[in-house]
Amino acid sequence: MSVNDPITPEPLLQIGLGFMASKTLLSAVELGIFTALADGGRDRAALASEVGLHPRSSTDFLDALVSLNVLTRDENGIYRNTPAADLFLDRAKPSYVGGILEMANTRLFGFWNNLTNALQTGTLQNEVAHSGAPFFATLSQDPAAWRNFLNGMNGVSTPLAAALAADFDWTGRRHVIDLGGALGAVPAAVLHSNPDITGAVFELPPVAPVFEEFVAAHGLTDRLSFHGGDFFSDPLPEADVYVMGQILHDWNLEQRQFLLRKAYDALPEGGTLIVYDAMIDDERRHNTYGLMLSLNMLIDTEGGSEYTVADATQWLRAAGFAKVEARQLIGGYTAVYATK
C-alpha cells in the first residue's frame with residue numbers, strides 16, 4: 001500500500017467476519033459435500049438432495065463455496081470439487097485432512113466464543129472447564145468425541161507426515177516411535193517409503209482400538225505396533241528415532257523440559273528426537289497460524305502454548321542433545337532434529 005492509497009475498513013471487516021467463511025467450509029465438510037462430488041459433478045438439485053440441503057439455502061451455500069474456491073460451477077450449473085478439495089476433503093481418500101476440520105466444527109468453533117474470557121482469566125475453556133476432570137480422560141469417555149479428536153489430530157499430521165518422511169534422512173534407522181502419535185500418520189508415512197524400518201505409536205491405552213483400524217486400513221499391521229502408556233510416568237519403548245509432534249505445545253515449560261530430557265535419556269548414542277509444531281518465528285511477527293494455534297492452546301489446555309524455534313533449540317540443547325537443526329516443513333510448521 002502506498003501513502004496515497006485510501007484507508008478503507010475492508011481488511012478489518014474481512015478479519016472480523018472471517019468466521020462466516022470458516023463456518024461455511026466446516027459445514028460443507030460436515031455435510032459431506034466434497035465426498036459426494038468426488039465421483040463426479042452434480043447440479044444444484046441433485047447435490048442438495050444427496051447431502052440434505054434445504055431449497056432456500058442450497059443455491060447461496062453452494063455458490064459461496066464456489067466463491068471460496070473450494071468448488072467450481074460450469075456454464076451448465078454443474079458443481080465440482082477443486083483439485084485441492086478433491087484431494088484433501090474427500091473422506092474416502094488417504095490424503096483426507098478434514099478430520100481436523102471436523103474437530104474444529106464440533107469442538108473448537110464453540111470454545112473460541114469464550115476467547116475473551118480465556119484472555120482475561122488465563123484459564124481453559126474446553127470440556128474440562130465444565131467437568132473439572134483431566135482433558136484426555138474426559139474426552140475418551142465419549143466414543144464419538146474421542147474418535148473425532150483422534151481423527152482431527154491425524155488430519156493435521158497427514159500432510160506433515162509426508163513432509164517429514166521426505167525431509168529427514170532415514171538411512172540406517174531401524175525403529176521409529178511416535179510419542180503421543182495419535183493414529184500413527186507419521187510412522188505410517190515413514191514406513192511406506194522405507195520398507196526396512198518398523199515403527200510404533202506410544203499413546204494412552206484408549207487410543208488403541210482406533211489406531212488398529214487406521215493401521216489395518218494402511219496395510220501396516222505387521223510393521224506398525226501400539227504401546228499403551230503415559231509418557232510422563234511410564235518408560236519409553238526403545239527406538240533409534242523418537243517423534244514428538246504437536247506434543248510440547250500441550251504442556252507448560254517444566255513438563256516440556258521433563259519430556260525432552262526423558263527422550264534424551266532413552267535414546268541410544270546417535271539416536272534422534274524429531275520435534276515438530278507450528279513454531280512461532282523468532283521475531284513473533286510472521287507465523288500467524290502459529291500464533292492463532294497458541295491462542296487455541298490457551299483455550300484448550302491448562303498450560304500449553306506454541307513456542308519459538310529458538311525456544312525449542314534452547315530446550316533441546318539443555319536436555320543434552322549435541323546436534324540440533326531446525327527446518328521449515330509446510331503450512332507454518334517447523335521440525336527440529338536433535339541428535340544425541
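This is a predicted model: local features need pLDDT of at least 70, side-chain atom pairs count only at pLDDT 80 or more; totals for chains, interfaces and linings use all residues.
Me: Why are helix 4 and helix 5 called roughly perpendicular?
Reply: Helix 4 (residues 44–51) and helix 5 (residues 55–67) pack at about 105°, with axes 10 Å apart. Angles from 65 to 115 degrees count as roughly perpendicular, and that is therefore the label for helix 4 and helix 5.

Me: What makes the contact there?
Reply: Helix 4 brings Arg44, Leu47 and Ala48, while helix 5 brings Ser58, Thr59 and Leu62. By class, that's 3 nonpolar, 2 polar and 1 charged residues.

Me: What makes strand 1 and strand 2 edge strands?
Reply: The open sheet has 3 strands in the order 1-3-2, with antiparallel pairing. Strand 1 (42–43) and strand 2 (71–73) each pair on one side only, and they are the edge strands.

Me: How do you know that strand 2 and strand 3 pair?
Reply: Two strands pair if DSSP finds at least two bridges between them. Strand 2 and strand 3 (residues 78–81) have 3 bridges, in the antiparallel sense. Thr72, for one, has Arg80 in strand 3 as its bridge partner. Helix 5 packs on this sheet too, touching strand 2 and strand 3, and its direction makes about 110° with that of strand 2.

Me: Why is strand 10 called largely enclosed?
Reply: Buried means under 20% relative accessible area. Of the 6 residues in strand 10 (residues 334–339), 5 are buried, so the rest of the structure largely encloses this strand.

Me: Which strands pair with strand 10, and how do you know that?
Reply: The cut-off is at least two bridges. Strand 8 (residues 272–277) runs antiparallel to strand 10 and is joined to it by 6 bridges; here Ile274 stands opposite Tyr337. Strand 9 (residues 323–328) is also antiparallel to strand 10, again with 6 bridges, and Arg327 has Ala335 as its partner. The hairpin of strand 9 and strand 10 has 5 residues between the strands, and Gly331 in that hairpin takes a positive phi near 60°.

Me: What makes the span of helix 2 close to the expected one?
Reply: Helix 2 (residues 18–31) has 14 residues, and its first and last C-alpha atoms are 20 Å apart; at 1.5 Å a residue, 20 Å is expected.

Me: Which residues of helix 2 are called buried, and what covers them?
Reply: Under 20% relative accessible area is the cut-off, and the buried ones are Thr24, Leu26, Ser27, Ala28 and Val29. Their cover includes helix 3 (33–36), helix 5 and helix 7 (98–111).

Conventions
Residues are numbered from 1 along each chain as its sequence is written. Side-chain values use heavy atoms; hydrogens and water are left out. Axes are lines fitted to C-alpha atoms, for helices over the stretch in contact, and angles run from 0 to 180 degrees between N-to-C directions. Helices (H or I, at least four residues) and strands (E, at least two) are DSSP runs, numbered from the N terminus. Angles under 35 degrees count as roughly parallel, over 145 as roughly antiparallel, 65 to 115 as roughly perpendicular and the rest as oblique. Contact means heavy atoms within 4.5 Å. Ala, Val, Leu, Ile, Met, Phe, Trp, Tyr, Cys and Pro count as nonpolar, Asp, Glu, Lys and Arg as charged, and the others, Gly among them, as polar. Buried means under 20% relative accessible area, exposed over 50%, partly exposed in between (1.4 Å probe, protein chains only). The expected span of a helix is 1.5 Å times one less than its number of residues.
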